[in-house]
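Here is a short tour of one protein model, taken a few features at a time. Keep the viewer open as you read.

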Amino acid sequence: WSYHRLARVALYTMYKNFLFVMIIFMFQFFAGFSDETTMDEVALMLYNIIYTTLPPLVMGILDQDVSREQLKSIPRLYAYGRCDMLYNTQHVLVCVGEVLWQSSAVFFVPYFGLMVQHDVDLTVVGLSHLYGGVLVVNLHLLMETYFITWHLLAAVGVSIGASFILQMVVDLDSTKGYYWSFFHATGSGLFWLCLLMTCVVGLLPRFLRVAVGTVFFPDAADHARASACRSQSSFGSSFQIGSPRSTVVPFGSSMG
């Protein structure tokens, strides 16, 4: 599991940081490449400190691509580490492609969607960029995870919840230009619709790629997980998230 966890956390860390930078970079085409951003300085600082830090740490500690019993009975699964099959140029390029698509969705869906309201403030657009990015990267992590535990779900929930609570507190400062923008944004149905469409547009291609790859082009680990699920079903056992006797969740797939 060590190689599996290290490879996935390394790729995910690069992915989430690159995505956030691309959101900021895309706005420069509309701001004359000045130092202006759509997000406030607190959001820029807390994105990597609080909003997206805890879930990958939990994944790096607890995630299991296959069960312990399968690793003992199927030695060829260790080839992933020996042959560096999870962290190589191909996976990095796939990661970059996903970043370009998802960052475009996070930036352009709210940007053009909210511009329907002619009185929309730039700070509202910035909040949609922040929350779109936080939601997409955290949901992306759930799609990357094989072994979903309550610890991971709690970490994702805390990270997303913290982003809303802390931004709400920050926007209560009447001396800042973004004063009350949180309440103005969250009070609009269009704002929530843009967030929903951002997640769907950004993550749908990855979901389809993972689904097609798992069903039509399975690798040795996919076969092992499918075999475990069939064996578990044949004994009439029910799956419980995070249960020590449960099989690994065949929900995500490696990046590439």
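## Cysteines

A residue is called buried when its relative accessible area is under 20%, exposed when over 50%, and partly exposed in between (1.4 Å probe, protein chains only). Cys194 is buried because its relative accessibility is 5%. Cys199, at a relative accessible area of 13%, is buried too. With a disulfide taken as a pair of cysteine sulfur atoms within 2.5 Å, the count is zero.

## About the model

This is a predicted model, in which local features need pLDDT of at least 70 and side-chain atom pairs pLDDT 80 or more, while totals for chains, interfaces and linings use all residues. Residues are numbered from 1 along each chain as its sequence is written, and side-chain values use heavy atoms, without hydrogens or water.

## Helices 6 and 7

Helices here are DSSP runs (H or I, at least four residues), numbered from the N terminus. Helix 6 (residues 89–114) packs against helix 7 (residues 122–144) at about 145°, with the axes 9 Å apart; axes are lines fitted to C-alpha atoms over the stretch in contact, and angles run from 0 to 180 degrees between N-to-C directions.

## Aromatic rings

Rings of Phe, Tyr and Trp (its six-membered ring) pair if their centres lie within 6.5 Å; planes under 30 degrees apart are stacked, over 60 edge-to-face, and the rest tilted. The count is 19 aromatic pairs. One of them joins Tyr12 and Tyr15, tilted at 45° with centres 5.6 Å apart. Both tyrosines, Tyr12 and Tyr15, are buried.

Notes. Helix = DSSP H or I, 4+ residues; strand = E, 2+ residues; numbered from the N terminus.
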